[in-house]
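This report goes through selected parts of the structure shown below. Each part has its own heading.

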Amino acid sequence: MGELILEMKQITKVFGSVVANRDVDLQIYAGEIHALLGENGAGKSTLMNVLTGIYRPDGGEIFYRGKRTEIRSPKDASKLGIGMVHQHFRLIPTLSAAENIFLYSDKKSFFLKQDEMQKEIAACSKDFNLEVDAAAKVWQLSVGEQQRVEIVKLLYQGMEILILDEPSAVLTPQEAQSMFDTLRKMADSGKAVVVISHKMNEVMANADRITVLRGGVVEDTMLTEDASIERLTRAVVGDREYTPHVRESYVSGDDFVFSMEHVTALNDKNLPALKDLSLSIRKGEIFGIAGVAGNGQRELSEVIAGLRPVKEGKITIYGEDITKQSVKQHIKKGISFIPEDRLHTGLVPELNLMENIILTSYDTDRYSKHGIIQHDQMQTDTAEYVEKYEIKNGGLDLPVGLMSGGNQQKLLFAREVSGNPSLIVACYPVRGLDIGAADAIRQILLEQSQKGVSVVFISEELEEIFNMCDRVGVLCDGELIGIRDIHETDFMEIGRMMAGEKEEAKTYA
Ligand SMILES: Nc1ncnc2c1ncn2[C@@H]1O[C@H](COP(=O)(O)OP(=O)(O)O)[C@@H](O)[C@H]1O
Ligand SMILES: [Mg+2]
């Protein structure tokens with residue numbers, strides 16, 4: 001074990017009524033990879049933002065090499081050699097990788113010539129296998145490359161404690177492995193590395209020491225050699241019962257309900273976002289879309305929902321061509337959309353629960369007679385959904401913006417499912433939800449599929465796709481790289497496809 005470099009003692013951080021960290025103790029040793037594990041909202045990012053001087057703690061102390069110290073700003077943190085790669089990178093897109101790396105360094109290297117900069121970067125990154133194209137503008141780099149730029153930036157500034165917030169979230173499994181190899185080299189060279197993650201397997205495979213946060217409190221801390229999935233699960237989710245949903249029945253026959261043929265669409269910048277994409281979905285099938293976010297997932301879901309025009313190609317549902325039809329027509333044909341951005345595209349935060357429930361059907365006979373909204377019906381239905389889906393709320397007439405994310409998502413699902421859809425497009429439906437709400441949402445989707453409803457399930461979590469789906473299609477750079485039966489593939493193959501490898505991808509859509 002290396003030297004104890006840094007110690008956080010009894011750290012508390014409060015935001016309004018939320019206690020993000022309560023009396024948290026954390027020790028960071030040189031030469032180790034320390035994983036900070038916990039589900040969404042557990043307080044991981046907050047704790048590291050305290051350590052890097054972004055937030056001032058409301059209580060507790062920080063000791064640096066045994067000496068009590070105050071970290072009042074990111075500048076204080078960097079003086080102590082503490083640096084962080086944030087979940088959302090903070091690079092300037094129009095500058096080159098080299099310029100971004102030198103921008104914040106004290107050395108006056110900003111005035112170095114391009115080739116001198118590259119030499120410096122090469123020197124700094126060669127030991128750690130951090131391939132960086134120093135001359136390229138950041139906007140031209142892939143997400144993985146941008147992450148390497150962020151890491152080199154910290155190394156160049158001489159950081160000794162490197163913190164990475166959910167670094168694998170934006171990477172394919174292969175890229176993630178190579179990133180962890182890099183982190184291992186940095187630890188071996190004597191640096192301390194802290195990795196935030198919510199993935200137990202990843203943490204078990206790569207960390208030396210694990211600290212688990214739940215509800216802002218340290219639940220457990222251990223050396224990885226003493227860890228097991230059972231122990232970690234208990235710490236991460238607590239006593240709540242947790243059974244991962246594994247799909248039992250394969251409802252679908254060969255009855256195709258929905259199909260896209262050679263579909264091309266543009267993104268908001270008018271650049272190709274979907275390239276010659278073809279797929280067909282069976283009745284009752286859950287069809288997973290895997291891929292690193294930003295590879296056409298949003299555009300695909302919007303095209304299916306009728307929100308984004310199709311440039312070329314054809315879309316049919318039950319054999320009927322709906323390529324050029326409006327959103328309203330898509331809804332009428334039974335296509336239901338659970339958007340990524342549930343609180344603005346899905347629900348209207350300022351409207352109350354009842355108003356949100358009738359948002360997509362206020363003009364139907366159920367809710368409108370002779371142009372008059374049927375309040376009683378609206379209230380009865382909403383109350384029924386609230387009970388059935390256990391939606392916690394302060395009143396049916398309060399704005400949904402006041403509810404927690406999990407309850408908003410349940411309300412949105414209740415509304416969409418109540419319209420008896422034939423196809424549900426769900427974009428990252430459990431992202432950011434606590435485990436109870438995530439479970440409820442998965443349960444709804446599984447029930448729907450059992451009833452014969454088809455589902456397009458977009459997710460970044462391969463484990464979840466393997467648990468939920470019958471087949472999986474992989475998106476990379478707007479192309480559907482291939483489609484696999486879930487029982488005939490594995491993580492590594494899907495990972496290679498996520499990186500765009502096509503040789504082995506035989507499409508049998
Ligand atoms: N700037 C903030 N203002 C208000 N609440 C916040 C802020 N940052 C985090 N929180 C709340 O603190 C809790 C912990 O959040 P966070 O540290 O981001 O968790 P994690 O990184 O483990 O997902 C959450 O309930 C979150 O909503
Ligand atoms: Mg976080």
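## Gln-114

Not counting residues up to four places away in sequence, Gln-114 touches Ala-98 and Ala-135. The model is predicted, and in it Gln-114 is found in helix H4, which covers residues 114-125. Is Gln-114 buried or exposed? Gln-114 is exposed, because 12 other C-beta atoms lie within 10 Å of its own, and a residue counts as exposed at 12 or fewer.

Gln-114 and Ser-178 are 64 residues apart along the chain. Their C-alpha atoms are separated by 27 Å.

Strand S1 (residues 4-15) and S2 run antiparallel and are joined by eight bridges. Val-14 has Val-19, in S2, as its bridge partner. The two strands form a hairpin with two residues between them. Gly-16 lies in the turn and has a positive phi of about 55°.

## Around ligand 1

Which residues are around ligand 1? They are Phe-15, Val-18, Ala-20, Gly-38, Asn-40, Gly-41, Ala-42, Gly-43, Lys-44, Ser-45 and Thr-46. By class, the shell divides into four nonpolar residues, six polar and one charged.

Strand S2 (18-29) and H1 each supply at least two residues of this shell. The largest share, three residues, comes from H1.

## Helix H1

Helix H1 spans residues 44-51 and is mostly covered, with eight of its eight residues buried. The buried residues are Lys-44, Ser-45, Thr-46, Leu-47, Met-48, Asn-49, Val-50 and Leu-51. Among them, Lys-44, Ser-45 and Thr-46 are also listed around ligand 1. Just after H1 comes Gly-53, with a positive phi of about 80°.

Strand S19 (residues 423-427) is mostly covered, as five of its five residues are buried. Leu-423, Val-425 and Cys-427 are buried on one side, and Ile-424 and Ala-426 are buried on the other.

S19 pairs with strand S16 (residues 335-338) in parallel, through four bridges. In that pairing, Ile-335 stands opposite Leu-423 of S19. S19 also pairs in the parallel sense with strand S20 (residues 454-458), over five bridges. Here Ala-426 stands opposite Phe-457 of S20. Between S19 and S20 the chain passes through helix H15 (residues 435-450), and this β-α-β crossover is right-handed.

## The nonpolar core

How many residues are in the largest nonpolar core? The core has 143 residues. Those that touch the most other members are Ile-161, Val-425, Ala-426, Val-456 and Phe-457. In soluble globular proteins, nonpolar side chains tend to be buried together.

Val-456 is in contact with Ile-281, Phe-287, Ile-289, Ile-304, Val-425 and Ala-426, leaving aside its neighbours within four places in sequence.

## Helix H17

In helix H17 (residues 491-498), the buried residues include Ile-494, Gly-495, Arg-496, Met-497 and Met-498. What do the buried residues of H17 pack against? They pack against helix H6 (173-188), strand S13 (286-290), helix H16 (462-468), strand S21 (471-476) and strand S22 (479-485). Gly-500 follows H17 and has a positive phi, near 100°.

Methods. Residues are numbered from 1 along each chain as its sequence is written. Chains are lettered from A and ligands numbered from 1 in the order in which they are written. This is a predicted model: local features need pLDDT of at least 70, side-chain atom pairs count only at pLDDT 80 or more; totals for chains, interfaces and linings use all residues. A residue is buried if 20 or more other C-beta atoms lie within 10 Å of its own, exposed if 12 or fewer, and partly exposed in between; C-beta atoms are placed from the backbone. A residue is near a molecule or strand if its C-beta atom, placed from the backbone, lies within 6 Å of it. Ala, Val, Leu, Ile, Met, Phe, Trp, Tyr, Cys and Pro count as nonpolar, Asp, Glu, Lys and Arg as charged, and the others, Gly among them, as polar. Two strands pair if DSSP finds at least two bridges between them. A crossover is right-handed if, with the strands pointing away from the viewer, the path from the first strand over the helix to the second runs clockwise. A nonpolar core is a set of buried Ala, Val, Leu, Ile, Met, Phe, Trp, Tyr and Cys residues joined through C-beta atoms within 7 Å. Two residues are in contact if their C-beta atoms, placed from the backbone, lie within 7 Å.
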